[in-house]
Amino acid sequence: MADAGVNKALLTKIQTAFESDEKNLVVQNVGTQYDPLEVCLNRNVAESVNHIYKHKVKEVKPITNQRSSGRCWIFAFLNAIRQKFVQHFNLEDFEFSQQYLYFWDRIERAYFFISVYEELARKGEEPDGRLMMFLLSDPMNDGGQWDMLINLVEKYGLVPKEVWPEAFTAGHTVRLRKIMNYKLREYAVTLKELVHKKSSDTDISEAKTKMMSEVYRITSLCLGTPPKLFNWEYFDKSKTYCKLTALSPLKFYNEHVKPVYNPLDKVCLVNDPRNPFNKLLTVEYLSNMVNGRRVLYNNQSVDVLKELAATSLRDNEAVWFGCDVGKHFERKLGALHLNIHNYELAFGLSMLTLDKAQRLVYGDSLMTHAMVFTGVSWEEMAGSMQEGEGKAQEIKTTKWRVENSWGEEKDKPGYLMMTDDWFTEFVYEVVVDKRYVPAAVMALLEEEPLVLPAWDPMGSLACTSCSQGDHQCHL
């Protein structure tokens, strides 16, 4: 055992080198007392951060708060919708019920995984295989993707938040998730045993019905029972009383929301430099609904994502997007900035040596959070059009305004500032209306997608770790 571990001579050498550099001792004094990010804060950059933008969409209040839950994908979706909805109905403020979509996602996702476990059991997939181990790791994760939202609203509709307010568990989901994860793993065991015994389809169907009854009971006990019919009463900006009666959630969505903001008209674009651009992607077993809409990613260069997001914003339409929010983020300033922390000065190292593709491949980055773009700044640069057509102004985006869903407090701004360089490195997905998307890009949706394995990082769900405590998504 004399040679086990790090060689003593090597240890002596690196310890002597560390202690001989007085800067290390100074930083050590500070670093042992404070958060390393505060030690690394680049003061010059911090002082340059401002939240002024060349163009903003019309602002909507209040700032929403997902609390200790991983529902950012739902919050961002509903925040994007309400931006148009409040203008149409001339409202001062408004929120849709985030809990409503979350409730039905729990039900549908449980049924989806129960069905997947049955399928894999019939195929002879073993629980210690990579696929089953991945699917069982966190089956009732709070997070989700854009097409999973379409599955929910098209089947179940929407309701105003005042019609179905938040239960405690909606904002503190960890207990429900643990219970449901346990039950789904138990169901996987049961289904494997039933298939192994060559049980009849009737017996398996009855077992699945019992499982779903249990899932519904658990979910409803924690969140309540979603409304089937409701009235919506409100005052508009002119203080005029208004009332819509005898609404089902689906009727409310189809008649009053969808004509204003139609999610079916939106296109999901991603930037995954590991895979070919101008290619359609999907991920195996990434869904929340049996026979539901497939999660499809239209893979484009990051410049395409920027151009279409900026075009949407300049046309007064907010943009749902997904990113790795915990990277190079100064929360108190609300700044997503590649140079906000000077790791070189404090630690003598860089945190930007890996490129975007390498970070995905080696597990350093993936999409962890969904938010909404609500503003953009740009510079106009002279650019030549074709000969004889004169001069045109090319647009180079410089920074982005982001509406978050972590509430708004004195030291936690409700809006974040994202630099354009940060967008390049850590934004993975944007959703824009098809009217902004070039025909050649739209045509990709008719192609057969490249199928990525279930464990691929592009299968990550927005807010994968928000529900772990204080919704700081991989910070």
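In this predicted model, helix H10 (residues 174–196) and helix H11 (residues 201–223) have axes that come within 11 Å and cross at roughly 175 degrees. Since angles over 145 degrees count as roughly antiparallel, H10 and H11 are therefore roughly antiparallel to each other. On the side of H10, the contact is made by Leu 176, Ile 179, Met 180, Lys 183, Tyr 187, Thr 190, Leu 191, Leu 194 and Val 195. H11 contributes Ile 204, Ala 207, Lys 208, Met 211, Glu 214, Val 215, Ile 218, Thr 219, Cys 222 and Leu 223. Sorted by class, the contact of H10 with H11 has 14 nonpolar, two polar and three charged residues.

A second pair of helices, H6 (residues 98–122) and H8 (residues 146–156), packs at an angle of about 105 degrees, and their axes are 10 Å apart. Because angles of 65 to 115 degrees count as roughly perpendicular, H6 is roughly perpendicular to H8. From H6, the residues that make the contact are Tyr 100, Leu 101, Trp 104, Asp 105, Glu 108 and Arg 109, while those from H8 are Met 148, Leu 149, Leu 152, Val 153, Lys 155 and Tyr 156. The residues of this contact of H6 with H8 divide into eight nonpolar, no polar and four charged.

The loop that leads from helix H7 (130–137) to H8 holds Gln 145, a residue that is buried, with a relative accessible area of 1%. Gln 145 and Trp 73 are 72 residues apart in sequence, yet their C-alpha atoms are 6.7 Å apart in space. Apart from residues up to four places away in sequence, Gln 145 touches Trp 73, Leu 286, Val 295, Tyr 297, Trp 320, Met 367, Glu 429, Ser 460 and Leu 461.

Turning to the strands, E5 (residues 279–283) is mostly covered, with four of its five residues buried. Strand E5 is joined by three bridges to strand E6 (residues 297–299), and these two strands run antiparallel; within E6, Asn 299 is the bridge partner of Lys 279. Three bridges also join E5 to strand E14 (residues 450–452), and here the strands run parallel, with Leu 281 standing opposite Leu 450 in E14.

The loop between strand E4 (266–270) and E5 contains Asn 271, which is buried, with a relative accessible area of 3%. Leaving aside neighbours within four places in sequence, Asn 271 is in contact with Phe 277, Asn 299, Gln 300, Ser 301, Val 302, Leu 305, Lys 356, Thr 424, Val 427 and Tyr 428. One of these contacts, Asn 299, is also the bridge partner of Lys 279. Asn 271 and Pro 453 are 182 residues apart in sequence and 17 Å apart in space, C-alpha to C-alpha.

As for the cysteines, the structure holds zero disulfides. Cys 268 is in no disulfide, and the nearest cysteine sulfur, that of Cys 323, is 14 Å away, whereas a disulfide requires sulfur atoms within 2.5 Å. Cys 268 is itself buried, with a relative accessible area of 6%, and Cys 40 is buried too, at 1%.

| Residue | Relative accessible area |
|---|---|
| Cys 40 | 1% |
| Gln 145 | 1% |
| Cys 268 | 6% |
| Asn 271 | 3% |

Notes. Residues numbered from 1 in each chain as written. Predicted model: local features only at pLDDT ≥ 70, side-chain atom pairs only at ≥ 80, totals over all residues. Heavy atoms only, no water. Buried < 20%, exposed > 50% of the residue type's maximum accessible area, 1.4 Å probe, protein only. Pairing = 2+ DSSP bridges. Axes fitted to C-alpha atoms, helices over the stretch in contact; angles between N-to-C directions. Parallel < 35°, antiparallel > 145°, perpendicular 65-115°, else oblique. Contact = heavy atoms within 4.5 Å. Nonpolar A, V, L, I, M, F, W, Y, C, P; charged D, E, K, R; others polar.
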